Amino acid sequence: GVYASISLARSDSPSAAAVSLAVVKNYFQRREFSFTLRDDIYVRYQSFSSPQELEKELQKTSPYKIDVGAVYSHRPSQRNTVHMGAFQAQEKELVFDIDMTDYDDVRSCCSSAEICSKCWTLMTIAIRVIDRALVGKYLPRPLGSDCCHIGRSARH
Ligand SMILES: [Zn+2]
């Protein structure tokens, strides 16, 4: 996907900046991950102390699909230990989903879920188009793009 980070609680005061800096320290730990497991079992509110812990869990459960959710006020895995209403989403990326299957009528190299380096050129152009349309008007800076396709692409 293509993403830009949007802060839900926005303020320009220096103290707010200090708070958000402090928050960055355990940003990863408060991030929700959701897994789709075998037989369409959907598991929400997974969170991890470190990327290594996430990696271990992925190796253990081998999910079919991974959704990266919002950053919450508390660790999603410990949401039941905080007062009701205190557990809230604080930050979430704005995601533009560019689906390669939408390019099937203009690409000759691949089709459906297949993707090669030529396809990435189309993806890059799409990102530039979105950038041109949004930066300045709605976004303060160009979009980042993660070239990461989460999920099993080899479902042939
Ligand atoms: Zn291709």
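**Strands, loops and a helix**

Visitor: Which residue in E3 is the bridge partner of phenylalanine 33?

Guide: In E3, phenylalanine 33 has glutamine 46 as its bridge partner. Please keep in mind that this is a predicted model, in which local features need pLDDT of at least 70 and side-chain atom pairs count only at pLDDT 80 or more, while totals for chains, interfaces and linings use all residues. Residues are numbered from 1 along each chain, in the order in which its sequence is written.

Visitor: What makes E2 and E3 a pair of strands?

Guide: Strands are DSSP runs of E with at least two residues, and helices are runs of H or I with at least four, both numbered from the N terminus. Two strands pair if DSSP finds at least two bridges between them. E2 and E3 run antiparallel and are joined by four bridges, so they meet that requirement.

Visitor: Why is isoleucine 66 called partly exposed?

Guide: A residue is buried if 20 or more other C-beta atoms, placed from the backbone, lie within 10 Å of its own, exposed if 12 or fewer do, and partly exposed in between. Isoleucine 66, which is found in strand E4, has 14 C-beta neighbours inside 10 Å and therefore counts as partly exposed. Isoleucine 66 and phenylalanine 33 are 33 residues apart in sequence, although their C-alpha atoms are 6.9 Å apart in space.

Visitor: Why is aspartate 39 called exposed?

Guide: Aspartate 39 has 6 other C-beta atoms within 10 Å, and because the limit for an exposed residue is 12 or fewer, the word applies. Aspartate 39 lies in the loop between E2 and E3 (41-46), a hairpin with three residues between the strands.

Visitor: What is the phi of aspartate 39, and of serine 62?

Guide: Most residues other than glycine have a negative phi. Aspartate 39, however, has a positive phi near 60 degrees, and serine 62 has a positive phi near 45 degrees. Serine 62 belongs to the loop between helix H2 (51-61) and E4, and with 11 other C-beta atoms within 10 Å serine 62 is exposed.

Visitor: What makes helix H3 hardly covered, and how far does H3 reach?

Guide: The count of buried residues among the 18 residues of H3 is zero. From its first C-alpha to its last, H3 (residues 117-134) reaches 26 Å, which is close to the 26 Å expected, the expected span being 1.5 Å times one less than the number of residues. Just after H3, glycine 136 takes a positive phi of about 95 degrees.

Visitor: How many helices and strands does the chain have, and what share of the residues is buried?

Guide: The chain has three helices and six strands, following the pattern β-α-β-β-α-β-β-α-β along the sequence. Of its 156 residues, 6% count as buried. Two residues are in contact if their C-beta atoms, placed from the backbone, lie within 7 Å, and among contacts with a separation of 6 or more, 57% join residues 24 or more positions apart.
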